[in-house]
Amino acid sequence: MLTPKQVWRRTYACFTASLLAALQPSLMFAAEPALPEPLPLLAENAAPAPAAATATSTSTPAPIPTDPANAAPVLPDPNAAAPQPILNTPSQNVTLNLINRLVQKGILTHGEATDLIKGAEEDAAFAKAQAQALAETQAAVAAQTAMPPVQPDAEEVRVTYIPETVKAQIREQLRTEVFEQARAQHWAAPGSVPEWTQRIKLFGDVRMLYQGFNFPNGNDNTTGAFPNFNAINSGQPFNFGVDNLGLIPPQLNVDKSRDTYLMRMRLGFDIDLQDGFTAGIRFATGSTNTPVSTNQALAAAGPGGQGGNFSKYQLWLDRAFIKYESSLTENTDVALFLGRFDNLFMTSSEIMWDEDVALDGAAFKLKSTWSPDFKTWLSGGAFAVFNSALNFPDNSTTKGQSYDKYLFAAQFGVEFKVTDDIEGKMSLAYYDWENIEGRFSSPFVPASVNDAGDTDNSRPLFAQKGNTYRKIRNITPTAGASPGGNLNGTVAQFQYFGLATKFRQIAWAGRLDFNHLRPLQVSLLGEFVKNVGLDTAAMRNLNRPDPVVNNRSGGTGNWEGGDTAWYMGVNFGKPTTLFNERGDWAFGVGYRYVESDAVVDGFTDSNFGGGGTNMKGYTLSAALALSKQTALHLSYMAAAQIAGPTLRSDVIMFDLTARF
């Protein structure tokens, strides 16, 4: 009988030839690799092979006596006083010579040698019995591979039945060896792919969204209480003089409901630059280049709108940065960012930062692991909010001073485990906005809409609504009519508006996750922001030269507002960031209270109440995964203005998002 090792070696040799033939069409060979030769097992009656000469033997071994009945060799008794040579002369059979040498050296006993010779005889008989089946198998392989069949050798023993487990093991081993050789020698397709392409990861998402914006009855739509400061500041200054034929400044819609259909597409690349460096690039859609939305309104109409009549849409550069990561100590890592990147400060809601806001500048994040249950981080950076144009103002030989705006921010946070099923995370941050408030200009008399004031750059170039504003042009009243005068300030009052207060904020954010129902999770969320830079007395000063424009009452003075924002919420289900199979779901409810000047209205949530501050209300949300990469989301937001005239709104959002 064959030993398992012998069966394995003959199985491997037979199956290797057929497997290489099956793999050959999938490889682009530059040269044919050599197939492994079958390993023969010599039996006692195998064809003789020349014996190797030995220079170390000084005596001639005696021949092995044989029994005439069966021609089997008879070995000497191992209990003899001294080992004697078995063969008087060397045999031409290598196998018998080898067995003889092993007996002489005492490695094999007489009985073991006899068993080996008997096994060799059985092997030979087995080979003869399988010869016909082997010929048929080789003929089938030769027909598939156009290779001539190998004639069976009497010295070889082949196995025609190969268990499936053995086939799988040989196939995997051979495939690995062949493809490793292919990649190393560049004679197969895998080696033709450039190495740098393997260091680029593509990702993105596509979202189709319906947004219903509804206004209940009772909103103030007659007194001009809701000027659109973004429309004024992003265009030419508005003439508030009587010579403007009674036109009122741009106003926000507060009473006509709208149904809007939107889409969003984002496409990005993560690039491994090696040695700790990475880069990121992302492109996104958007009706405009606003910082708080990448939604593209389908068939959009109006200023800044793209599309209509099946026109194409623009694609914006949404992210572009270089990142470096390194380990400072065994338990401390640092990451450095430069460019335009995701907001790295922890938040629990969107009362201060909309989810689409990116930061432009330089930042760092230092993370330390003190124990498996306690971690800390420190983040900070300097970010450019606005930089004066080189030639400002374009239509004057006298150029204005630079008025650059920056954000300096730092945040310290902790991440901890209360128990195996309860985890917490919280942070404390400080934000210092440099020069973000409007500045009153030097006295001048604009002769036309094209004349610039020296502080026009202090106005925000993007705003939503809710912050308190003030006029920033100090227009001197003069006698006479335009272009030399303004009739004592009654005509040619071309005006821009800036933020009426400084912004220096302390912000706390936290969450507590309960994982007793894994994979479901219950999360408690909270966030609090206070603008410590707000000067309440200055806001209520009716005698200031740049009177406050209270956009909640439609006039000046009698400031109504506040400096505080907070949010509380509960989420239940599987976190949407971890949706990975069909049927995953999540539900959330939250309530917010955001006073007028607690946060910069240009960077807060763009959906709740139509975006901006001075709003309170609740949000309901739900999500359902349709597959590993596709999910439905539904949101309902009920908002009401905190101070000033009545303004209420209901927003319904329903979207289908696919990510890849």
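Me: Before we dig in, what counts as a nonpolar core here?
Reply: A nonpolar core is a set of buried Ala, Val, Leu, Ile, Met, Phe, Trp, Tyr and Cys residues joined through side-chain atoms within 4.5 Å. Buried means under 20% relative accessible area, exposed over 50%, and partly exposed in between (1.4 Å probe, protein chains only). This is a predicted model, where local features need pLDDT of at least 70, side-chain atom pairs count only at pLDDT 80 or more, and totals for chains, interfaces and linings use all residues. Residues are numbered from 1 along each chain as its sequence is written, and side-chain values use heavy atoms, with hydrogens and water left out.

Me: Thanks! How many residues are in the largest nonpolar core?
Reply: The largest nonpolar core has 39 residues. Those with the most contacts inside it are F341, L344, W353, L359, F383, Y431 and W433.

Me: And which elements give two or more residues to it?
Reply: Among them are helix 5 (229-233), strand 7 (332-342), strand 8 (358-371) and strand 11 (422-434). Helices (H or I, at least four residues) and strands (E, at least two) are DSSP runs, numbered from the N terminus.

Me: What does F341 touch?
Reply: Setting aside residues up to four places away in sequence, F341 touches R319, F321, A358, L359, G361, A362, A363 and F383. Contact means heavy atoms within 4.5 Å.

Me: Switching to rings, how many aromatic pairs are there?
Reply: The structure holds 20 aromatic pairs. Rings of Phe, Tyr and Trp (its six-membered ring) pair if their centres lie within 6.5 Å; planes under 30 degrees apart count as stacked, over 60 as edge-to-face and the rest as tilted. F238 and F240 form an edge-to-face pair, 4.9 Å centre to centre with 75 degrees between the planes.

Me: What about W353 and Y431?
Reply: W353 and Y431 are also an edge-to-face pair, 6.0 Å centre to centre with 65 degrees between the planes. The pair links distant parts of the chain, 78 residues apart: W353 is in the loop between strand 7 and strand 8, and Y431 is in strand 11. W353 is buried at 4% relative accessibility, and Y431 is buried at 2%.

Me: Which residues do ring pairs link into a cluster?
Reply: Ring pairs link F337, F341, F345, W353, F383, Y431, W433 and F603 into a cluster.

Me: Last one: where is T619?
Reply: T619 is in strand 21 (residues 615-625).
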